[in-house]
Amino acid sequence: MAAVSPARANALLLGVMTFAQLLLIAASVRGSMAASAVAAVVGASSRPVVAPERSVSGILLDVVHFFRDVHADETENVKLKLEATRLSGELERTSELAQENTRLRRLLGMHENLAPQSIGASVVTARLAGQSRVILVDRGAADGVRPDMAVVAWGGAVGRVVSVEKGFARVRLLSDPNSGASGVIARSRAEGMIVGRGGEPMEMVYVPKYSDVVVGDRVVTSGLDGVFPRGFGIGRVTVVGEPVGASKSIRLEPEVDDRAVEDVLILLEPSGTKLLAPDEPEARP
Amino acid sequence: MIVLWAVMGIGLSLAFELVLGRFAPGATRYVTLMTLPLVAYALRTSQRSAMAVGCASGLLEDYWIEPRLFGLNGLVKTLLGWALGGVGAQFDLNNFWGRFASGASVSLVDEGLQTALRRLFGEIVAPVGVASLGIRAVAGGLLTAAVLAIVSRFGASRRTTRQKHRKA
């Protein structure tokens, strides 16, 4: 029998590996158990590396935060204290308004979860590539995190959970090209869909061309996508271009900088607003 | 021994990749550390080991930071290992410019193949800017050249120490 040349053997091996990995990708797209099993094996094999990395990163992060705190400007502290005093007054006023809002909503036969149940999480790592923008957070299935939960940070919406392991979850950021959220212009209430464009500014699409939108308008979540409760900041309009077909071409500057996200909140309940079912008892004020 | 070094190289790359994502997430747009073991094995050993190392490092990358298509990076890096291993067997690329060119081309082809495969599997892909690709190529090339130079220096010093011990 003639011996197979190394080049031919390698080409054959490449063919087998390519075929097997294409099957693996197809299985993961379909959510097959086989893909999950392979992923579990790969994950288990990398744990001895990742556990020490997390400890060392944690220590490094503490050191960085310590020095940042030590060198914090004194005037900045004074400014923050004044801001905190102002905000506490504002909070009281908001609380009054919230109560009034609740009473009025009950009168209208509607119910709103003003403060959805949430869980805090820290960002373990991030990948902000052009085609895939993901963060990894240190809360997972064991903490009640499930796919499609909304993730927010100080300032606004961050993204949604796409997959969950026992101790961590992968969150696809709003700036990912495969992300989408329903948004509304806070001033004029013009609705549209927010889509990510990788490293480029996000875009708001399906906004009717006769809508009132100007540069500087704030865009918030509308709550219509069933993931984000309404009212979370998404971004500010930076460009209002010529209409394409029946819709305006709008670019947004994100309210939350993907590169600066360290801690997030995972909302454990779906979108905040729901209409009362006819048989649901209506709370009386 | 070669397997042990490969495991160590892949483990270190993964650890640094996760650290980079935590402390400088913006840099992950231009730099992928998981290609380093692949290039090292393609230039220094055989095509087959480059494919195996590429496959392993790609699958690890998929597990930790790929949201949907598990196996995508594994496939891309296996193909890169095969291609660069083949070129590495024909030419001596184990010098500064060879390493730089290998790192730069691997970074570019990695991005291109990933974009094509994402599209194939029904994902929406963002337009890729020329400037971004240029930065990616230069960053990948310099990083590869620097890391492989350090690895070579380390390997050379280990060999010298071993020879001294033998003589003694």
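Chain B contains 6 helices and 0 strands, in a model that is predicted. In sequence order, the pattern of chain B reads α-α-α-α-α-α. The radius of gyration of chain B is 16 Å, close to the 15 Å given by the globule rule for 168 residues, so chain B is as compact as a globular protein of that length.

**Overall form of chain B**

- The C-alpha trace of chain B spans about 65 × 35 × 30 Å along its principal axes.
- Buried residues make up 51% of the 168 residues of chain B.
- Taking the contacts in chain B between residues at least 6 apart in sequence, 67% join residues at least 24 apart.

**Helix α3 of chain B**

- Helix α3 of chain B covers residues 47–65, and its 19 residues should span 27 Å at 1.5 Å a residue; the end C-alpha atoms are 26 Å apart, which agrees.
- Because 17 of the 19 residues of α3(B) are buried, this helix is largely enclosed by the rest of the structure.

**Where chains A and B meet**

- Contacts between the chains involve 44 residues of chain A and 41 residues of chain B.
- On the side of chain A that touches chain B, at least two residues each come from the helices α1 (6–29) and α2 (33–70), and from the strands β2 (118–128), β3 (133–137), β5 (156–164) and β6 (169–173).
- The most residues on this side of chain A come from α1(A), which gives 11.
- Sorted by class, the side of chain A that touches chain B holds 21 nonpolar, 15 polar and 8 charged residues.

Methods: Residues are numbered from 1 along each chain as its sequence is written. Chains are lettered from A and ligands numbered from 1 in the order in which they are written. This is a predicted model: local features need pLDDT of at least 70, side-chain atom pairs count only at pLDDT 80 or more; totals for chains, interfaces and linings use all residues. Helices (H or I, at least four residues) and strands (E, at least two) are DSSP runs, numbered from the N terminus. The radius of gyration is taken over C-alpha atoms; the globule rule is 2.2 Å times the number of residues to the power 0.38. A residue is buried if 20 or more other C-beta atoms lie within 10 Å of its own, exposed if 12 or fewer, and partly exposed in between; C-beta atoms are placed from the backbone. Two residues are in contact if their C-beta atoms, placed from the backbone, lie within 7 Å. The expected span of a helix is 1.5 Å times one less than its number of residues. Ala, Val, Leu, Ile, Met, Phe, Trp, Tyr, Cys and Pro count as nonpolar, Asp, Glu, Lys and Arg as charged, and the others, Gly among them, as polar.
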